[in-house]
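The sequence and structure come first.

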Amino acid sequence: MRAQSSATAPAGIAVSGPATAPEGRPPGGRSSGTLMAALGVVAFSLTFPATAWGLESFGPWSLVAVRSVLAALIAGGCLLALRVPPPARCHRSGLAVVAAGVVLGFPLLTTLALQTSTTAHAAVVVGLLPLTTALLSALRIGTRPSRTFWIAALAGAAAVVAFTVQQSGGALTTADAYLFAALLVCAAGYTEGGRLARVMPGWQVIGWALVLCLPLTVPATALALAYEPVHLTAHGVAGVLWVAAGSQFLGLVVWYRGMAAIGVPKASQLQLAQPLLTLVWSVLLLGEHLTVAAPLTAAAVLVCIAVTQRSRG
């Protein structure tokens, strides 16, 4: 399905056309798009360590609700200051998918998982997100990546699955179930957000998705804070501020811009680098001790990045 709209698109991004980077893009558009998507990956790589910090001060439900409200206030302020008109009616169902997957579903499911899982383990499991996003993109947008692309993506996914099974002793844990469910809802949000970012600026996609959630997240915040104790610490405050401003808003702004420029499948494969980056943060910020399998798996999926980025859709 191809989106068409009279809305103003970002500079260099066609309003309609295939899901890969549109023709007529100014020179350097692909490299700029890759840089934007890569910056998004760096922001996302800090999400799990920041969430672990946030859980020092907030309960899981409070943390998710508070981060969503704070991010929505930032986004809403930007939309209001720039006098951005409300999205067209035809885009609202897509924004609802983004909201359900990226604003609510993924943060909640991964936060619940991190109550019993290490950030290192969660990061490697979420390494399946690129393949999941590419699959949903093929179904939703009609993208047709090359055979080489799929072989490399499947190889990266196989490495992640093998790691998960090995770390779980042959059986999936409750945390793994949360993480795999998070993959599905996040991939749906990424796919729909990438499609919408071709017809409106990426920051508006996530901005409106956050604002649309306010009728749910504001009362949810009040309810969660009433039932879950809050013990503010420096780590806890820093964690919730980062997941709200960095992960939930700024990271998604550059991420959707990157997807619009280079295509959903190509951009999604850059996230294969995310587990390795998160492993670094988990050691530096949380003092976690890594098993040999974690960095080896992360290194294996990094090899897949070079292959998928060189393959042509």
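This is a predicted model: local features need pLDDT of at least 70, side-chain atom pairs count only at pLDDT 80 or more; totals for chains, interfaces and linings use all residues.

The expected span of a helix is 1.5 Å times one less than its number of residues.

Helix α7 runs over residues 147-167, so its 21 residues should span 30 Å at 1.5 Å a residue, and the separation of its end C-alpha atoms, 30 Å, agrees.

## Confidence and overall make-up

How confident is the predictor in the protein chain? The mean pLDDT is 82, and 87% of the residues reach 70 or more. Over residues 1-28 the pLDDT stays under 50. For that stretch the model has 57 contacts beyond four places in sequence.

The protein chain has 14 helices and zero strands. Read along the sequence, the pattern is α-α-α-α-α-α-α-α-α-α-α-α-α-α. Of the 313 residues in the protein chain, 55% are buried. Among contacts with a separation of 6 or more, 89% are between residues 24 or more positions apart. The accessible surface of the protein chain comes to about 13,200 Å², and carbon and sulfur atoms account for 69% of that area.

## Aromatic pairs

The structure holds three aromatic pairs. One of them is formed by phenylalanine 44 and tyrosine 190, which are stacked at 6.2 Å centre to centre with 20° between the planes. This pair links distant parts of the chain: phenylalanine 44 belongs to helix α1 (residues 29-45) and tyrosine 190 to helix α8 (residues 174-196), 146 residues apart. Phenylalanine 44 and tyrosine 190 are buried.

Which geometry do the rings of phenylalanine 44 and tryptophan 255 adopt? Their centres are 5.9 Å apart and their planes stand at 75°; planes over 60 degrees apart count as edge-to-face, so the pair is edge-to-face. It also links distant parts of the chain, with phenylalanine 44 in helix α1 and tryptophan 255 in helix α11 (residues 234-262), 211 residues apart. Both phenylalanine 44 and tryptophan 255 are buried.

In helix α7 the buried residues include Phe149, Trp150, Ala152, Gly156, Ala157, Val160, Phe163 and Thr164. Alanine 153, also in helix α7, has a relative accessibility of 2% and therefore counts as buried, the cut-off being under 20%. Its C-alpha atom is separated by 6.6 Å from that of cysteine 304, although alanine 153 and cysteine 304 are 151 residues apart along the chain.

Threonine 217 sits in helix α10 (residues 214-227). With a relative accessible area of 4%, threonine 217 is buried. Leaving aside residues up to four places away in sequence, threonine 217 touches Ala65, Ser68, Val69 and Leu104.

Valine 253 is found in helix α11. Is valine 253 buried or exposed? Its relative accessible area is 19%, so valine 253 is buried. Not counting residues up to four places away in sequence, valine 253 touches Gly202, Trp203 and Ile206.

Most residues other than glycine have a negative phi. Arginine 83 is not a glycine, yet has a positive phi of about 55°. Where is arginine 83 placed? Arginine 83 is in the loop between α3 (60-81) and α4. The relative accessible area of arginine 83 is 76%, so this residue is exposed, the cut-off being over 50%.

Technical notes
Residues are numbered from 1 along each chain as its sequence is written. Side-chain values use heavy atoms; hydrogens and water are left out. Helices (H or I, at least four residues) and strands (E, at least two) are DSSP runs, numbered from the N terminus. Buried means under 20% relative accessible area, exposed over 50%, partly exposed in between (1.4 Å probe, protein chains only). pLDDT is the predictor's confidence in each residue, from 0 to 100. Contact means heavy atoms within 4.5 Å. Accessible areas come from the Shrake-Rupley method with a 1.4 Å probe; for residues, only the protein chains shown count as cover. Rings of Phe, Tyr and Trp (its six-membered ring) pair if their centres lie within 6.5 Å; planes under 30 degrees apart count as stacked, over 60 as edge-to-face and the rest as tilted.
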